[in-house]
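This report describes how the elements of one protein chain pack together. The sequence and the structure are shown first, and the description follows.

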Amino acid sequence: MEKIASFTIDHIKLQPGVYVSRKDQVGAETITTFDLRMTSPNEEPVMNTAEVHTIEHLGATFLRNHPSYKDKVIYFGPMGCRTGFYLLLAGDYASRDVVPLITEMFTFIRDYRDEVPGASPKDCGNYLDMNLGMANYLAKRYLENVLQSIGEERLVYPQ
């Protein structure tokens, strides 16, 4: 079997950033998949499931209510390795194009202090596995360490 595209990225060199992971054609539409890498793979601890789950609920809620992007959001969810998230948008985008959106979303997550949307037994299959405080902290860390001064080296996968 051929390696899938995401397994061809050198995870030893990969640092937190916003990367175009792939672009797919679905009919006439381009779907752009973004790798929102929050931790350095194999160098620092991965995120725990409770904060990943919380970021997923908050991020998905934010994106699907965003005035400009809500109709373009295909998917937002965690990577299995727990080092970041995937965001799929309808449209042909470069990494730099979505930095303002990602910054806005992580500012929302950093500052969010209310009940986590969908964190109830009726709405979620694992509603007790949430950690808002750590989600706030990780969002702040991603904003300060990556998004607020992002350079080209954090927008294009390393060779």
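## Packing of H2 against H3

In this predicted model, helices H2 and H3 cross with a left-handed sense. On the H2 side the contact involves Ile102, Thr103, Phe106, Thr107, Ile109 and Arg110. These residues meet Ala135, Asn136, Ala139, Lys140, Tyr142 and Leu143 of H3.

Phenylalanine 106 belongs to this contact. Beyond its neighbours within four places in sequence, phenylalanine 106 is in contact with Ala139, Tyr142 and Leu143, and also with Met38, Ile55 and Leu147.

The crossing of H1 and H2 is right-handed. The two axes come within 10 Å and cross at roughly 125 degrees, and the pair is therefore oblique. From H1, the residues Ile55, Leu58, Gly59, Phe62 and Leu63 take part. Their partners in H2 are Leu101, Glu104, Met105, Phe106, Phe108 and Ile109.

H1 also packs against H3, with axes that come within 8 Å and cross at roughly 75 degrees. H1 and H3 are therefore roughly perpendicular to each other. Glu51, Thr54, Ile55 and Leu58 form the H1 side of this contact, and Leu132, Met134, Ala135 and Leu138 form the H3 side.

In soluble globular proteins, nonpolar side chains tend to be buried together. The largest nonpolar core of this model has 37 residues, among which Val18, Leu36, Ile102 and Phe106 touch the most other members. Strands E2 (29–37), E3 (73–78) and E4 (84–90) each supply at least two residues, as do helices H1 (49–64), H2 (95–111) and H3 (132–145). H2 gives the largest share, with seven residues.

Serine 95 lies in helix H2. Its relative accessible area is 5%, so serine 95 is buried. The side chain of serine 95 reaches the backbone nitrogen of valine 20 at 3.1 Å. With residues up to four places away in sequence left aside, the contacts of serine 95 are Val18, Tyr19, Val20, Phe34 and Leu155.

Leucine 101 is also placed in H2. With a relative accessible area of 2%, leucine 101 is buried. Apart from residues up to four places away in sequence, leucine 101 touches Phe62, Leu63, His66, Tyr69, Leu87 and Leu89. By contrast, the C-alpha atoms of leucine 101 and tyrosine 127 are separated by 27 Å, although the two residues are 26 residues apart along the chain.

## Loop residues

Asparagine 42 lies in the loop between E2 and H1. Asparagine 42 has a positive phi of about 65 degrees although it is not a glycine. A relative accessible area of 72% makes asparagine 42 exposed.

Arginine 82 has a positive phi, near 65 degrees, in a residue other than glycine. Arginine 82 is partly exposed, at 29% relative accessible area, whereas threonine 83 is buried, at 4%. Not counting residues up to four places away in sequence, threonine 83 touches Leu36, Arg37, Met38, Thr39, Pro41, Val46 and Met47.

## The segment after H3

Arginine 154 lies in the segment after H3 and counts as partly exposed, with 23% relative accessibility. Leaving out residues up to four places away in sequence, arginine 154 touches Gln15, Pro16, Gly17, Val18, Tyr19 and Val146. Of these, Val18 is one of the core residues that touch the most other members. Val18 and Tyr19 are also among the contacts of serine 95.

Arginine 154 and histidine 53 are 101 residues apart in sequence. In space, their C-alpha atoms are 24 Å apart.

Terms used. Residues numbered from 1 in each chain as written. Predicted model: local features only at pLDDT ≥ 70, side-chain atom pairs only at ≥ 80, totals over all residues. Heavy atoms only, no water. Core = buried A, V, L, I, M, F, W, Y, C linked by side-chain atoms within 4.5 Å. Buried < 20%, exposed > 50% of the residue type's maximum accessible area, 1.4 Å probe, protein only. Helix = DSSP H or I, 4+ residues; strand = E, 2+ residues; numbered from the N terminus. Contact = heavy atoms within 4.5 Å. Polar contact = N/O pair within 3.5 Å; in protein donor to acceptor, adjacent residues only side chain to side chain. Axes fitted to C-alpha atoms, helices over the stretch in contact; angles between N-to-C directions. Parallel < 35°, antiparallel > 145°, perpendicular 65-115°, else oblique. Left-handed = near helix turned anticlockwise from the far one by under 90°.
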